[in-house]
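Dear colleague,

Please find below the structure that I am handing over to you.

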Amino acid sequence: MNKIELRKNAFILANQEGCEKKAKYTECSPIYIASTSNVKDTMALYGDAKKVLAVGSTGAHGFEALLNGAVKVDMFDVNELQKVFYNLMKTGIMYLDYEEFIKHFTWKEQKARFTKVDIGDLLSNEMYDKLVYHLDEDTEYVLSPLYDYFYSPDLIISKLFRFEHPVQTDYLKRFVSLYNEEEFYKLKNMLLNGADINYHIASLTDLDKKMTDSYDAIILDNILQSYKDIPEFDTPYDVNRFIDKRLSKLLDVGGVIQAAYGYEVGTALFKDEFGISYNSEEFGGLTWNFVKDIEKKESILIPLVKKWDTYSCDFIPGVEKFDGRKSDNMVLTYRKK
């Protein structure tokens, strides 16, 4: 998509109120402001990887890889607007101090009910005015008219952004390293000194055609949580065939693929299926049985482990623990036999 079409589509989204929770992820779709998974503990599982290919989104997994010692990081995302936001966020890391970054890229006290005043600092016009002269030409071309025409709270509550997910400061500090001061300045120095990190527009199923390098670790985060929405994937067999026969060709010897991510319900169901102890007191009754049936039909986690011995799982602290629940999340890793 050329930048004229991208700017036009951004305006179309910005002029619509709210964002559907099940909005499809396309080449021009609503933007994630922050990661929704436990990036820190996921990436710690692959901390020795020097060359990493990771899902793009906000750049959190790629930034985490750099902080863990990676020397080359490539990221991919099909959503061109998400790349625009990544460029803004990367520029914020490079040219804002820590307090400014936290003020403008997180929300100190996230509320279910809020006014525009409550979110006045988040991605504010004031912030944009500080960063605009550091942005690349294409990013500035898309964002400047939006910030000229809208106040930031109106952008945030429009369909331009996915604002149903946590962006609370304490939440992000717990699960993504870059939101902590020491790691923020370490990452800032890496970026200012030319860290080898690149963001590519590509769909998951095009990676084996578009990427020319090879990697120690490929990180898919939770993309396959909705694998049936991806045109080439109708069944777990399709998913495994793609991972085993195509995506694995991008791996160096001994390389791994973080193939899937499970949140609280998916992880509890996985443990229940395999006889692993879990906090069952938090799951019960008609609601649990209903959710369990839906998750079992949709989840990729159980069939991949049941049918193929190339997958292993690790359990990590769940992002839902922030709300006081005793949840785990899980990470599924593919290793080629």
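Asp-208 is partly exposed, with a relative accessibility of 26%; the classes used here are buried (under 20% relative accessible area), exposed (over 50%) and partly exposed (in between), for a 1.4 Å probe and protein chains only. The model is predicted, so local features need pLDDT of at least 70 and side-chain atom pairs count only at pLDDT 80 or more, while totals for chains, interfaces and linings use all residues. Residues are numbered from 1 along each chain as its sequence is written, and side-chain values use heavy atoms, with hydrogens and water left out.

Asp-208 forms a salt bridge with Arg-246, at 2.9 Å from N to O; the term denotes a side-chain nitrogen of Lys or Arg within 4 Å of a carboxyl oxygen of Asp or Glu. This pair links distant parts of the chain, with Asp-208 in helix α11 (residues 207–210) and Arg-246 in helix α12 (residues 236–246), 38 residues apart. Helices are DSSP runs of H or I with at least four residues, numbered from the N terminus. Arg-246 is also partly exposed, its relative accessible area being 21%.

By the same rule, the count comes to 18 salt bridges. One of them joins the side chains of Glu-137 and Lys-3, at 3.4 Å from N to O. Glu-137 belongs to helix α7 (residues 137–149) and Lys-3 to helix α1 (residues 3–14), so this pair ties together parts that are 134 residues apart in sequence. Glu-137 is exposed, at 58% relative accessible area, whereas Lys-3 is partly exposed, at 30%.

A further salt bridge pairs Lys-130 with Glu-126, with 3.9 Å between the closest N and O atoms. Both residues lie in helix α6 (residues 125–131), 4 residues apart, or about one turn of the helix. Lys-130 is partly exposed at 37% relative accessible area, and Glu-126 is partly exposed at 38%. Through shared partners, salt bridges join Glu-100, Lys-103, Glu-126 and Lys-130 into one network.

With kind regards

Terms used: Helices (H or I, at least four residues) and strands (E, at least two) are DSSP runs, numbered from the N terminus.
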